[in-house]
Amino acid sequence: MELVKIRRALHQIPEIGFQEVKTQAYLMDIISQFSQERLEIVKWRTGIAVKVLGENPTKLIGWRTDIDALPITEETGLEFQSTHPGFMHACGHDVHMTIAIGLLQKLIEKPINDDVVILFQPAEEGPGGALPFREWLKNEKPDFLPDMISALHIAPELPVGTVGTRPGLLFANTSELFIDLHGKGGHAAFPHLTEDMAVAAASLLMQLQTIVSRNVNPMDSAVLTIGKLSAGTVQNIIAEHARLEGTIRTLNSESMSQMKKRIEAICRAVEEAYICRVNIDYGSSYLEVNNDHVMAEKFLDYASQVPDIQVIRSEAAMTGEDFGYFTEQLPGVMFWAGVASSYGLHHAKLNPNEQVLTFMPDFLHGFFLEL
Ligand SMILES: CC(=O)N[C@@H](CCC[C@H](N)C(=O)O)C(=O)O
């Protein structure tokens, strides 16, 4: 199968978490074109689990790919750009899925001893598919729950052919953050008769930015990003509603609770100061990704012996990944795979180099032989 063609087809139909209907149908169609002799397939919501039976299995090896996209309007200008206005595979999950398809093909053509399950998991960007998928496998399809699991994430800043990971903590603990402010709006000419939620939100945004610099231990690490701020309706009406949407990232759950306490205290103070109601919703949260030491070292060792592959020991990053729910209960390893794009993850011009598709399935097949 031509992987570039598959990646481009998937790139054209980006869908957000739990709406990956066309994506699931497309993947099912591709999977149905393979010899079915060694395959067992189950669907879970918009996801799929495909088991490839091995020659002489002693364990079930898992590979996870995420399948969802982001609400971003693509600006790459590529001939195969998104056909879904306002949505884009801006985090590389189209590349992840294609690599998984390539791996599936390799495993069918050259079965290994062990069984392998490939999980096509929805909703990584939100609200999180890993935890409910894991629980469903445990409760409903225990034969599809792997004994160990691995996954990759594209890294635009790394050259193609470079892979990197580290034993232990790789990615942060995350929580989404949605804050709504409600007050009395009114005519732009009579501010003294209103409570302006645009001003309250602006003040709140600035105060939230003091949490990392003033409340978090400088020897620890944390991020509080407000990615979206909206207020009001038109230019000459004082806003009665404002909304901040963001994310909190820490390296452990204690720092996460401490940051939430400070957010709540600041919101209470804003309520008082700006005479309004402030409602906080933490949306979904992800556990940190903790790589199993043995698997990560095995991966680094293996990769360092593969010709034309450069290996780095990565730093931990404040990225979030619901793959953390797999590493919570299973030995697992996640790694970065370079795709040399001048625009990064979550950017409307992200353009991963498709060269990665030419060797990654083989590389993973080789890694599975080492496990
Ligand atoms: C790999 C990656 O970019 N993951 C996302 C996960 C987002 C989780 C959630 N929606 C949040 O924003 O907290 C990331 O932004 O790191």
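Good morning. The model is predicted, so local features need pLDDT of at least 70 and side-chain atom pairs count only at pLDDT 80 or more, while totals for chains, interfaces and linings use all residues. Residues are numbered from 1 along each chain as its sequence is written, and side-chain values use heavy atoms, with hydrogens and water left out.

I begin with the domains. The chain is divided into domain 1, made of 3-168 + 288-370, and domain 2, made of 173-285; these bounds come from an automatic or database domain assignment. Taken over C-alpha atoms, the centres of domain 1 and domain 2 are 35 Å apart. At the interface, eight residues of domain 1 are in contact with 12 residues of domain 2, where contact means heavy atoms within 4.5 Å. The two domains bury about 680 Å² between them, with 54% of that on carbon and sulfur atoms. Buried area here is the accessible area, with a 1.4 Å probe, that two parts lose on being put together, summed over both.

What is the count of salt bridges between domain 1 and domain 2? The count is zero, a salt bridge being a side-chain nitrogen of Lys or Arg within 4 Å of a carboxyl oxygen of Asp or Glu. Four residue pairs, both at pLDDT 80 or more, are in polar contact between domain 1 and domain 2. A polar contact is a pair of N or O atoms within 3.5 Å; within protein, one must be able to donate a hydrogen and the other to accept it, and residues adjacent in sequence count only if both atoms are side-chain atoms.

A record also bears on this region. In an unreviewed entry, UniProt lists residues 179-272 as "domain: Peptidase M20 dimerisation". UniProt positions are given in the numbering used here, feature names are shortened, and annotations may be inferred rather than shown by experiment. In the model, the span 179-272 is 40% helix and 30% strand, and its end C-alpha atoms lie 16 Å apart. Helices (H or I, at least four residues) and strands (E, at least two) are DSSP runs, numbered from the N terminus.

Two residues illustrate the packing here. Methionine 259 lies in helix α7, residues 253-274. Its relative accessibility is 1%, so methionine 259 counts as buried; buried means under 20% relative accessible area, exposed over 50%, and partly exposed in between, with a 1.4 Å probe and protein chains only. The C-alpha atoms of methionine 259 and valine 212 are separated by 8.1 Å, although the two are 47 residues apart along the chain.

Threonine 247 is placed in strand β12, residues 241-250, and counts as buried because its relative accessibility is 16%. Its side chain makes a polar contact of 2.8 Å with that of arginine 249. Beyond its neighbours within four places in sequence, threonine 247 is in contact with Ser175, Glu176, Leu177, Val223, Leu224 and Thr225.

I turn now to the salt bridges. The count for the model is 17. Which residues are linked in a network of salt bridges? They are Arg7, Arg8, Glu79, Asp94 and Glu354.

Arginine 64 and glutamate 321 meet through their side chains in a salt bridge of 2.9 Å, N to O. Arginine 64 lies in strand β3 and glutamate 321 in the loop between β16 (310-313) and α9 (324-329), so the pair ties together parts that are 257 residues apart in sequence. Both residues, arginine 64 and glutamate 321, are buried.

Phenylalanine 323 is found in the loop between β16 and α9. With 0% relative accessibility, phenylalanine 323 counts as buried. Valine 289 is 34 residues from phenylalanine 323 in sequence and 6.4 Å from it in space, C-alpha to C-alpha.

A further salt bridge joins glutamate 55 and arginine 38 at 3.1 Å, N to O. Glutamate 55 is in the loop between β2 (47-52) and β3 (60-66), and arginine 38 in the loop between α2 (21-32) and β1 (39-44), 17 residues apart. Arginine 38 is partly exposed, at 23% relative accessibility.
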